[in-house]
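Student: I'd like to take a close look at just one part of this structure. Could you walk me through it slowly?

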Amino acid sequence: MPVTPRLNQTLFVIYLLATVGVFIAALVSPPVRAIAYAPLRDLILPPPEPVVVHVLYSTEKAAWINEAAARFAAARPAIEGRPIQLEMKKMGSREMYLSVLDGTEQPDLMSTASMLQINLLQDLSTSKFGAPVVNPADSEACRPVLRTPLVLVAWKERAAALWGNDPGSELWQQLHDALTQPNGWEAYGHPEWGYVKFSHTNPLKSNSGFQTILLLTYDYFGKTDGLTSADILSDADYQRWFIEFEGTISSFGDSTGTYMEEIVAYGPSLHDMVAVYEATAIEHAESAVGRYGELQIYYPPATHMSDHPFCVLQADWVTPEEAQAARMFVDFLTGREMQELALLQHGFRPVDDGIPLDQPGSPLQRYAANGIRIDLPPEVEVPPGNVLNTLLDFWARNAQR
Amino acid sequence: MNRDFCRRFVVLVALSILVAGCGQLPLLGGKAVTVSIYYGSEKQAWLEPLVEEYNAQKNKTAEGSTIVVEATPMGSIESANAIIAGEIQPTVWSPASSVYVPVANAGWRGSEHAEDLVVGKPEDLVLSPVVIAMWRPMAEALGWPDEPLGWADIAEMATSEEGWAAYGYPEWGSFKLGHTHPNHSNSGIVSIIAETYAGAGKQRDLTLEDLQDAGVKAFVADVESSIIHYGRSTGFFATKMFERGPSYLSAAVLYENLIVAQESERLAGRSSQLPVVAIYPKEGTFWSNHPYAILNAPWVTAEQKVAAEDFLAFLLDRPQQLAALEYGFRPADPSIPLSAPLDAAHGVDANQPQTVLEVPSAQVIAGIEVLWREVKKPVDLVVAMDVSGSMGGKKIASARSSLIEFINLLDDRDRLQIILFSDELIALTDLSPLGEKREDVLRRVSGIVEGGDTRLYDAVQMAYDELRASGDPQHIRAVVVLSDGKDTASTMSLSGLMTEIGNLSEGGSATKVFTIAFGSGADFNVLQQIAEPTGGKQYEGDPDTIHQVYAEIATFF
């Protein structure tokens, strides 16, 4: 076809219209904008700034919360057109509140394993900053999201040699005796296993370790409430018993979740038994079989529940939008979908009482043969802050390694 | 002119669209951040390909710098010492195990640093227990797998006069053990700690008092009496054992993964050796856990730290952890089951070990090293040094000074003879313990001068004869030959010499010859031929590197 001046002109006009049309469409229509030429688009109309929520969470809920964060993000949540972005970081419970106190972390939302640390943070931040950064009494700001008791988890083969039947109320005393046996496992017919090796996390860094020494102490005194500083500081027999017990432990883990991974990875040569959360034991029950064998769970005669509070911080680095976005995330976490996920996939007891614990697929039933059970032992009372500090301090001075 | 202008304009527009559309051109990309890693060489086969794979991905930090990983294998203890001495400044240190970390921290603080070098608990990359690797027929002769075996059995075999003859296998000769040098390698230090625990009958709470006990010392001495030589790296021992077979070594202290690797080779038809099995010492053992320690050192920048964490996340990712299983490691990721090749077909038992030994304090570990020095197997060593005319100037000076350094690495119980060869063979000192004559020997060495021909073969022959006549079969026996040129004047021929020293009826306990080809005029081929069959090693050296060469040879003793 010959190229005439008229054809030239026509082609030029069509091309010009097309170019201008695409340009306007890119400005006006979001789907077109999303695929249009990026740098140019950003120069003319920058995208809305996201609301970034910094979340600190304790390690044992990592699997569940990362899944929750992904599902939350997939729904494209937004506040007035601004997309909500979650930045997740995991950390041991006590380390978490200490780092908020010293300023190395400035989260918008934080979740330790239990209220123990939130209460301590409230006290300590009031002394340090003049006002508390968390308010556990405010049910809008601080909400429990999951529940799980402290249990003892052992390699089944080893526990069977130690405890023919469930030791019940004798658990801590029998454990103390096993750990302090001069000949170790030889006393139970297995010299090849060396010493009976039990461990827990460092109470100065992690909630489960703190709970363990609290339960040990309460059990020694034969009570479940009214623990005083005088009990800890004035009773020489208790002190000797406690130091003997803790002295058999050669190293303490930093954080429950990562600690349990080590236990399963290395096997019984390193630890015969540990104190962790019921949910942590459930989480690793399958992996354990692939590595070294079945786990066996024992419930102490009295336990303490970790209720995984999610607290929106009150601090100048938390904007109203960030606080709102954080509350939206917590709403999502306490919603039916995530609560069922927590139970069925991760072994946590939901805070939502409407969810049956014995439904089909519930790990609380699936692992019954491993000692998991639905009904729980009674809980100990959480002593006031000063008694908690006395216990921690005593441990730090006499048992820390 | 219009047309020209139009054409250029179009070209210009087209070009600018191309450039803008391409976004970040890699050529113009710019910054890179380097993560340098020094790591225990046992994981080289697993790690090296992963470093390449990661680098090819061109991962970037938040600042947009491309992350480049540079990884160098090095003995665990050696790298610790090099970091403390400031000789290397890596971002990440990944020794074979955490056992040595407290000692490294103590050394770091000792050199004027306020904080630890390794803080917190570094993540494990892969796991492998320390085992005693033994040829399966030999292990079976001792009662494996029904009888639990351990250091007590090794100590008994080591001191048995009849050796394997007591089990009906006189052809295997005496019991021969190998483990690396505790000053250089993790498996070496772990071996002597385990021996000490076994001698004390303990599995924890090892104290300095225990180290004073005569029974403990005797036990360690007994085990060490079966050593054929020490060495620099665990992988090196594995290679030697699997290349040379049961007459060279009965057993060696290795990591489980090295046995799996060898058995995989054998099952694939690439090795025709006997099968080898892992003995998990009944007294308890240690784990090698390959911690990835991002160093708390002044030379590590915040950006390097972030980049190093990214590479760590890559290594801990499932595909990389599954790859580790193929190499015989137990993955650090607990969700990966222990399956083939961690099985009986490959000589190992994934249900083992049954128990571990507690890591002693840095102080006690230091005490164990001192104890070992006192009871380790001494060496009967003849150094044959070329002092022919060509050795003048820098060569003779560096050969002298490095020999002096080498002598200072030997213990008082080691017996040293020095032969100087030119057209004459002169014994500078006879084969007698250094303790009595150290100062005298050092003085004589400082006075060495060059001149004359090169009677290399005669010198080696003389050294060898000396050890045959006066060497103690209970000692490590070795010859170190340094020469800068070809043999010009020997009465003995090379083939005659080879016949003499090639007689290896004693297997791994036979005299070892180490040769140093000094400078470019040296006869590399001949020196290699002399060293190789005896189980020794040939080195190349020059005035600048000769000190390092001697230092490495010292790791065998």
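Predicted model: local features only at pLDDT ≥ 70, side-chain atom pairs only at ≥ 80, totals over all residues.

Tutor: Start with strand 16 of chain B, which covers residues 512-518. Its partner is strand 17 of chain B, residues 538-541, and the two run parallel, joined by 4 bridges. If you want one of these pairings to find on screen, look for Thr515(B): its bridge partner in strand 17 is Gln538(B).

Next, pick out Val460(B). Leaving aside residues up to four places away in sequence, Val460(B) touches Val513(B) and Ile530(B), and also Ala384(B), Val479(B), Val481(B) and Leu497(B). Val460(B) also turns up in the largest nonpolar core, a set of 260 residues. Along with Ala133(B), Ala384(B) and Val479(B), Val460(B) is among those with the most contacts inside that core.

Finally, zoom out to chain A. You'll find 17 helices and 12 strands there. The C-alpha trace of chain A spans about 105 × 50 × 40 Å along its principal axes. Its radius of gyration is 28 Å, while a compact globule of 401 residues would come in near 21 Å. Buried residues account for 43% of chain A. And if you take contacts in chain A between residues at least 6 apart in sequence, 75% of them link residues at least 24 apart.

Key:
Residues numbered from 1 in each chain as written. Chains lettered and ligands numbered in written order. Rg over C-alpha atoms; globule rule 2.2 N^0.38 Å. Buried ≥ 20, exposed ≤ 12 C-beta atoms within 10 Å, placed from the backbone. Contact = placed C-beta atoms within 7 Å. Pairing = 2+ DSSP bridges. Core = buried A, V, L, I, M, F, W, Y, C linked by C-beta atoms within 7 Å.
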